[in-house]
Amino acid sequence: MPSFSCTVEAAIPSGLRLDRYVCEYLKILSRSQIKARGLTACLNGKAVKVSRPLKGGERLDLSWAEAESPFLVPENLPLDVLYEDDRVIVVNKAQGMVVHPGAGNKQGTLANALLYRRLEGKGLSVFAQAAGQRPGIVHRLDKDTSGVMIAAWDEEAHGFLSAQFKARSVRKVYAALVRGCPRQMTGRIDANIVRSRRNRKTFTVSDTEGRPSLTCFKVIRTWGDYSLLLLRPKTGRTHQIRVHLRHLGNPVLGDPLYGQAEARYKKASLMLHAKSLSLILPAREGPQVFKSPLPLRFRRVIRALNCAPRPRRA
């Protein structure tokens, strides 16, 4: 872990923040790097926040994390490939697979697996670490959301697909098993989404802040306390479907962030699945539709719901 120690200059502006001193005076890290690399600081031997105002003359000790390697490691991981040509690949992402490497998930991701497949397909060494050898993932699914995803093999194809997502011309359909049943069999959830102030890992609905978000839904089947829904997100916000369904009063079954304590299906994992994706492929005319059937975890819960005794009517 890199570190740096110095005595803070006496002639600094009054009330200058520690993080500004690091990036503007010491020029060790930029503002974005201070956050991304977890800068920690001590003044006169005492740990302080990086927002702490400085007086000048203090002993400053800094440490931060190493920069992540710019190279992506190819890994031979199993993939359920729905379609592939020399421009794009469509996969059925498994639940539990992270899309991009990040903190705590540097390997075992979809990006690692796609890079291996691409290098292998070109007949290149799977240990090639050349800069620029990165799969063009166009959109994301949460780690515990399974289903259809598309990636591009070249920059032109990536730009072609990305433009469709940006224009919201891509048709995405999700399936979700939820608690309870919405009051309407079909409807729209039109509510802004903003990051939660209480838990920065989650999002919430707001009337005054956040980004406009729209999800259409249709109830396919209901079992009293549970329902199967099809959903079409018209926007692509982080955790959008999960946040909107909680706002509707019907959280996704097995959702560890937005759900509630589950007595009947305690072992249920997130019951959210990207069922189909419709878009135009490079050098093709008209939209192509790629589908993924409901996974085993859905079928097991549905089977249990079908076998459960129905409440008697008075």
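Here is a tour of salt bridges, a pocket, a helix and a strand.

First, the ground rules. This is a predicted model, where local features need pLDDT of at least 70 and side-chain atom pairs count only at pLDDT 80 or more, while totals for chains, interfaces and linings use all residues. Residues are numbered from 1 along each chain as its sequence is written, and side-chain values use heavy atoms, leaving out hydrogens and water.

**Stop 1: salt bridges**

Side chains of opposite charge can pair when their charged atoms come close. Here a salt bridge is a side-chain nitrogen of Lys or Arg within 4 Å of a carboxyl oxygen of Asp or Glu, and the structure holds 10 of them.

Select Arg242 and Asp142: their side chains meet in a salt bridge, 3.0 Å from N to O. Arg242 belongs to helix α5 (residues 240–248) and Asp142 to the loop between β7 (136–137) and β8 (146–152), so this pair links distant parts of the chain, 100 residues apart. Helices (H or I, at least four residues) and strands (E, at least two) are DSSP runs, numbered from the N terminus. Colour by accessibility and you'll find Arg242 buried at 6% relative accessible area, whereas Asp142 is partly exposed at 22%. (Buried is under 20%, exposed over 50%, partly exposed in between, with a 1.4 Å probe and protein chains only.)

Next, pick Arg197 and Glu209, a salt bridge with its closest N and O atoms 3.0 Å apart. Arg197 sits in the loop between β11 (192–195) and β12 (203–206), and Glu209 in the loop between β12 and β13 (214–222), so the pair ties together parts that are 12 residues apart in sequence. Arg197 is exposed, at 68%, and Glu209 is partly exposed, at 32%.

Now try Asp61 with Arg59, where the closest N and O atoms are 3.9 Å apart in a salt bridge. Asp61 is partly exposed at 25%, and Arg59 is partly exposed at 40%. Before moving on, show Arg87, Asp154 and Glu156, which are linked in a network of salt bridges.

**Stop 2: the largest pocket**

Which residues are closest to the centre of the largest pocket? The pocket has about 1,200 Å³ of space, and the ones to select are Arg140, Leu141, Asp142, Thr238 and His239, out of 34 lining residues. Elements giving two or more residues to the lining are α4 (155–166), β9 (171–179) and α5.

The method: on a 1 Å grid over the protein atoms alone, a pocket is an open set of points where a 1.4 Å probe fits, with protein on both sides within 12 Å along at least five of seven lines, and lining residues have an atom within 4 Å of a point. Grid points are joined across faces, edges and corners, and the volume is the space filled by probe spheres set on them.

**Stop 3: helix α6**

Select residues 296–307, helix α6. Its buried residues are Arg297, Phe298, Val301, Ile302 and Leu305.

**Last stop: Leu272**

Leu272 is in strand β15 (residues 272–279) and is buried, at 3%.

Note on methods:
Expected span 1.5 Å × (residues − 1).
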